[in-house]
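Please look over the sequence and the model below.

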Amino acid sequence: MEVPIGFLAMLWSFLSFLPFFFLLLTLGLLKGSLIAPLVVGIIVFGNSAVIIGLWPAHFLWTYYCVTKTKRLGLVVKVLALISLPLPLLLWPILAIVGSLLGGLGYGFFAPLVATFEAVGETTTDKFFYCFIDGCWSTIIGSCTVVRDFTDFCFHSYFSYMDELREHVPPNEKPVDIKLSKLPSCLLVIVLGVPLDVLLITIVALWKSPYMLLKGWKRLLEDLIGREGPFLEAVCVPFAGLAIILWPIAVVVAVISAIISSLVLGFYAGVIVHQEDSLWLGLAYIVSVVSLFEEYVNDLLYLREGSCLPRPNYRRNMNPPDGDRNDRKNESEDSYNSKLLLERSKTLKFTIQQYKPMQVWDWLFKSCEENSRMLLREGLIDVNDIGECIVKGNCKKLSVKLPAWSIFQCLLASAKSNSSGLVISDEIELTKNNWPRDKVLEWFIGPLLIMKEQIKGLQLDENEEGCLKKLVMDYKNEKPEEWDDAGFPSKDNVRRAQLQAIIRRLQGIVTSLSRIPTFRRRFTGLVKMLYMEAVQSGVLANQVVNSSNSERGHGNEGPSDCGHGKDSRSSGENSEHEAHGIGDIV
């Protein structure tokens, strides 16, 4: 569709768009009003049952783990035990209220957005799908929300608590607070929380009209001129919807700023303890407001910096003068790149294309491909699948398999001299094109460092061939474990470097496995692997083989490293580390 040029053409484009938009809006509002009560009922009832049913276990187990942990010092442990009743008592109330608000928003806005999405160019019968889209899918999505929330409360929570109870390495000191610093920390927190909440709220309210007007101005320009994300005709209805919903986005931004100000105020006590200075804690209370205003100015493309004072709150805090300009340029580059890239044909496609979901999908797709290969080679056998399904011992499939998939990605990226990560033959994640998401940056940042370490090791083909079995079958705690594995290099330093990379990858995967959606996706992966074993005959063959030999001697798959040893028999069957999926049976 041609872009209108001139005032009259733009005016006519705007006026001709209004009837079409209001019809879609009315239909979407009607669908949202009908679907929202059902969705709210499913989410609130399901989540409330999980919260109330598990609350006694959460209460008792939290106290037990905090009491038994060696990661906390005496003072911190006593303070935690004294203060725990408040968050534990507030948890059911806040969770149920959050479920109510989240269910209401999802149940109302998902059908509304789906109504506008149904007019996409890829849709054949637009009139029919305008009425159908967003109804049943939203109800199914609400059930998925309850399932993910259940996984978080039942599995992720206990995984966090088990990590808290783990033995502390000898060289790791427990987290503690000196009693002499405690009065200063409490004093700064008492001063910092109300002041920062008040000042940051004032800044957020002061900047909110700018956010509202600038957003409306940009959206109206894109709507009338058919530019930016609304260049294509199919995206035009979303312009009107975005204009209507933009005030809600501004309100949510202000509420988020107020909530974050509480955390920023409490962090002043951490500054006092780290720097051992009451004055620096007070300086942080003032400085964090200036930092917040600068962040908002960069977000809204207002003047650079902040007019508020910013005293140093660290003893060695001398940032280069160019840091602020670098952040500004990075923010501007990100904004310009979004304007060039936001040309998707549907809203759902846009979300999948520019969000970490794409990387998440790649991880499970890679695990699926590697699991088939490892199953054929015998490095994953019927006992691994059976233990995961029946006993819930899934560490090999839920931790080592994704770790090996990521390790392969690092190897390919190191070989290709890529500046980022080569996640497939057609996709390369670099600093310029990956989504701007803090969680994704936390995930990719360490991988880039490990990629450079692997590049420096310059592995040969024989070493790469051995790593598959070493990652899947060994604990990789000491270089001597590889002595009988046939690893070509006898250099213990080289072995230790590789083992450190493997352990760090497994630690990253363990943290990712606590994300609620991981368990749902992993359940589907195990189902696929079980069906693959049945269809390919591997299941029957390995059952016969296992009846003639004991575990540990009969599952040695083809590997360049020889037979080696299977460290699975040495203490990896931890109940609480496992991600049991007994519901598959």
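## Glutamine 506

Helix α16, residues 492-512, contains glutamine 506. The model is a predicted one. With a relative accessibility of 11%, glutamine 506 falls under the 20% limit and so counts as buried. Once neighbours within four places in sequence are set aside, the contacts of glutamine 506 are Val399, Lys400, Ala403 and Val471.

Glutamine 453 belongs to helix α14, which covers residues 438-457. Its relative accessible area is 39%, so glutamine 453 is classed as partly exposed. Leucine 410 is 43 residues away from glutamine 453 along the chain, and the C-alpha atoms of the two are separated by 9.7 Å.

Glutamine 458 sits in the loop between α14 and α15, the latter being residues 461-473. Glutamine 458 has a relative accessibility of 65% and therefore counts as exposed. Its phi is near 55°, a positive value in a residue other than glycine.

## Asparagine 417

Asparagine 417 also has a phi near 55°, which is positive although the residue is not glycine. Most residues other than glycine have a negative phi. Asparagine 417 is placed in the loop that runs between α13 (395-415) and β1 (421-422). What is the relative accessible area of asparagine 417, and is the residue buried or exposed? The value is 57%, so asparagine 417 is exposed.

## Cysteines

The count of disulfides comes to one. The disulfide is formed by cysteine 388 and cysteine 394, whose sulfur atoms are 2.1 Å apart. That distance is within the 2.5 Å cut-off for a disulfide. The torsion about the S-S bond of cysteine 388 and cysteine 394 is about 100°, so the disulfide is right-handed. Both cysteine 388 and cysteine 394 are buried.

Cysteine 153, with a relative accessible area of 1%, is buried.

## Aromatic residues

There are 16 aromatic pairs in the structure. One of them joins tryptophan 91 and phenylalanine 149, with ring centres 6.3 Å apart and 20° between the planes, and this pair is stacked. The pair links distant parts of the chain, 58 residues apart: tryptophan 91 lies in helix α3 (residues 85-117) and phenylalanine 149 in helix α5 (residues 136-165). Tryptophan 91 has a relative accessible area of 28% and is partly exposed, whereas phenylalanine 149 counts as buried at 16% relative accessibility.

Phenylalanine 128 and tyrosine 129 also form a pair, with ring centres 5.2 Å apart. Their planes are at 80°, so the pair is edge-to-face. Phenylalanine 128 is partly exposed, its relative accessible area being 43%. Tyrosine 129, at 32% relative accessibility, counts as partly exposed too. One aromatic cluster is made up of Trp360, Phe364, Phe518 and Phe522.

## Nonpolar surface patch

A nonpolar patch on the surface is formed by Leu187, Leu191, Leu195, Leu198, Leu199, Ile202 and Leu278. Together these residues have about 570 Å² of accessible area.

## The chain as a whole

The chain has 18 helices and two strands. It is 585 residues long, and 43% of these are buried. Among contacts with a separation of 6 or more in the chain, 77% are between residues 24 or more positions apart. The accessible surface of the chain is about 31100 Å², and carbon and sulfur atoms account for 65% of that surface.

Methods:
Residues numbered from 1 in each chain as written. Predicted model: local features only at pLDDT ≥ 70, side-chain atom pairs only at ≥ 80, totals over all residues. Heavy atoms only, no water. Buried < 20%, exposed > 50% of the residue type's maximum accessible area, 1.4 Å probe, protein only. Patch = residues over 30% accessible without salt bridge, like charges linked within 9 Å, V, L, I, M, F, W, Y side chains within 5 Å. Areas by Shrake-Rupley, 256 points an atom, 1.4 Å probe, with all protein chains shown as cover. Salt bridge = Lys/Arg side-chain N within 4 Å of Asp/Glu carboxyl O. Helix = DSSP H or I, 4+ residues; strand = E, 2+ residues; numbered from the N terminus. Contact = heavy atoms within 4.5 Å. Phe/Tyr/Trp six-rings, centres within 6.5 Å; stacked < 30°, edge-to-face > 60°.
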